[in-house]
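Have the structure open as you read.

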Amino acid sequence: MNNIKRICWVYLATLSFSVQAATWWIELPVQIEGKVVTQLEIETDGMTVEKLDVERVTNAFKGLVSSELLQKISNQEHGDITIEELNSYGIHLNFSPQNLQFDLTLDSGAMAMSSLDFGYDYQVPDYSSSANVTFQNAFNFINRYDFEEKLSENTIEITGALNLFGVYGANLIWNGNIDFSGEGEITESRGPVLLYFDQPQIPMRISMGEMDTSSTNNLSSITITGLSISRSQNTLRPLETTTTAPNQVFELTESADVSILINGRLFNTIKLRPGRYSLDDLPISSGANDISLVINYLSGKQEIKEFSNFYSAAPLAKGFDDFNLSTGIVSDYSSDGLKATYQETWIASGLYRYGLTDGITLGAISTYHPDAQIVGLDLVFTSSLGTLSLRPSINLLSESINDNLALKGFAGGDESLALSVDYSQTFFATTTFTGTDIRLNANFLQNYSAQPWFLNSDQFDTSNTYIVSIGQGITEQLSLDLSGQYQELYFYNDTYNGKALLSFQWDSLTAKTGIEYYSDSENFTAETRYIFNVTWSGMISDSSIYGSLSYDQRGNYTRAELSSDSAKYVGDLDGSVSYTYVDNNSSASVESNYIANRFRGRMNYNYKLNQDKESSSSLTSNISTTFAFVDGRVSLSPQPIGALAMVDVHDSLTADVLINPSRDEYEGVASRYLSTHTALSSHITSRVIIESPDAQVGYNLGSGSYNVTPGSLTGHILEVGSDFSNTVIGQFIDQDSKPIALKVGKAYQGDHSVSFFTNSNGRFALEGVSTGIYNVEVSFDGQVFKGKLDIQPESNLLYRAGTVILQRTQAP
């Protein structure tokens, strides 16, 4: 809360002889659970809130209150509304005269809801003015110490980003690592270097550099150096519905903890270094359905990626399309230090999908390689009966590859085919009852490969696979899941497995029991095993500590964990303690995380004991920080790379500035000596709140609240304070010593002017002025009062002008 508003409020209220006759407008902050969410202008007499303007209310509460309710309020016959009337709508404003702010609570029916429809009414946001040059470098300093080997390894990870000329300008990203082994060896490596341009109004992204081509069920991703044009709707329009197919490959730009959730349950948490990974690289059991990867980077950034063994057959709305077209030469940037290797092979790959109607989506996929090509269709049909997708594709092979296949006993040629069929639907579901969920998949492959240009017959597959998954809700707490898979293999025995699982959930406790049958075609064995597992998870009492306890009789698996993931503000400390036992192998881990104003740190101790009683232990420490350069101004912050708002403090403000404060906590602290920055959500409007409780008395911080809509990597400078940060209080009288009461006037110095309002005793308060002489002018009823106001410098920036005489002149 700005000190200036409190000064003006108290001064005008307490020094008025007739407060009942004088009212004025003032802007006050509105909080929800201690966090400022908006600013609201009110009319007050200095003691109470007289009334609110409907237009001001609807503008302030956009995004907080449902649009239907705001429309209802704006349709009132009169333009004013009271706090009591807002209460009747479920909007409860509680005014605190001590803190000069409002506390807001909303009934559930009044809350705004994010729309998940197809977004026909989507409007491209009004992007905020941004810097011409925004440069960022994130540094991760990692030390790993092995207690058994008595070996220490160090790594420096560098992630960089550059934006030139704002939202529609150029964006460049890169990353690299320097590893220092315990033997003194230094190894360098890097990730992709990519330049891209965004056009969110279309939307479309044009990329140049090292990238992966698009991938689907029958089309593999390939690393190329070249050019890509994509819709990128998920990225450029995050609030609009997107239906692109899931990626088959993901990339880590820096070290991260990757939590693997299978069908909504935590399967494992592993630490991965920067690099490209596919699901085949991860320890995921076969036959799993829905897979979520929660990626927590050491720098603090988090990503969630969704995968599925079933194809994502989400339809597009009528008139919507999605595409990803790329071309270039095959390359590899991960195997030879900082250098990349390039093949003399030019390829092109792409997919295009179009919503012909709301129920029919037509698409095509293709990859061109000089030795082989892939051509296919992507068809989706949806109705009240469910969603059906068909994806036929063929390999067009060169003569050399056909000859190689013939030597291996493959037919090749026109017989290289693939067809995938998927069906999904949920019946009888309600908000409290899961109903019946059915998912079916059939995949037919005949001498088919997703990368047929490799002269390796092992890449080609001939098989038929059938998968069925049925989830049946019995009660709100009880459900039955049936699943099975049958696979006909060309060179091996057929394989098949099935599972029936009964699940019971009550509060924080989940128990599952069932039976599983599976066959092993390589070892010619089959096995039936029983399943029982139980999990408790939830918050412990009223604390911020999350606890979980799991047991699964398969492998005698036991896991216990306590964690606190509450580190959001400067000075916050959280961590976790876990223990895992499986197949006579055990491990324990202790981790702590700390957020400082300029960096974040983490320390993890891990202990393992295998079934042979051999133990190992290690300690990993990490410190990360991000340097930003925005149009000549620099900052240091623990925030990850991305769109940012840099808080730059004017030299005249001697106190620190708090960023996004919440009660006694805050996301960052900026000073006149060094700026800091806070992360913004790309292409979404974010609100940045600033406060300076220890600012000089009378100092004008400005609005204190900023709405910023950034691009992908844009930087935005929020200037706090200026030369016009003084406050003046006093009384205006005319030459007859009568107060110039209840009038609006203007004070100006050169091109700078401020407006003011006098109370019933002629008293005024001027905000945001500098020292020196200001011309003062008040006009009303054909009369003009003029005078001069000589503002002298004061150490506390609050100048008491006393009584100032304005001379009456004739209006021109």
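## Salt bridges

Searching the whole structure turns up 13 salt bridges, meaning a side-chain nitrogen of Lys or Arg within 4 Å of a carboxyl oxygen of Asp or Glu. This is a predicted model, where local features need pLDDT of at least 70, side-chain atom pairs count only at pLDDT 80 or more, and totals for chains, interfaces and linings use all residues. Residues are numbered from 1 along each chain as its sequence is written, and side-chain values use heavy atoms, with hydrogens and water left out.

One of the bridges joins E210 and R190 (2.8 Å, N to O). E210 sits in strand β12 (residues 204-212) and R190 in strand β10 (residues 186-190), so the pair ties together parts 20 residues apart in sequence. Strands here are DSSP runs (E, at least two residues), as are helices (H or I, at least four), numbered from the N terminus. E210 is buried at 6% relative accessible area, and R190 is buried too, at 17%. Buried means under 20%, exposed over 50%, and partly exposed in between (1.4 Å probe, protein chains only).

D734 and R808 also form a salt bridge (3.6 Å, N to O). That pair links distant parts of the chain, 74 residues apart: D734 is in the loop between β46 and β47 (744-749), R808 in strand β53 (residues 807-810).

## Helix α3

In helix α3 (residues 67-74), the buried residues are L69, L70 and I73. Down the helix axis they fall within an arc of 100°, taken from the directions from the axis to the C-beta atoms, so they line one face of α3. S67, E68 and K72 are exposed on the other side.
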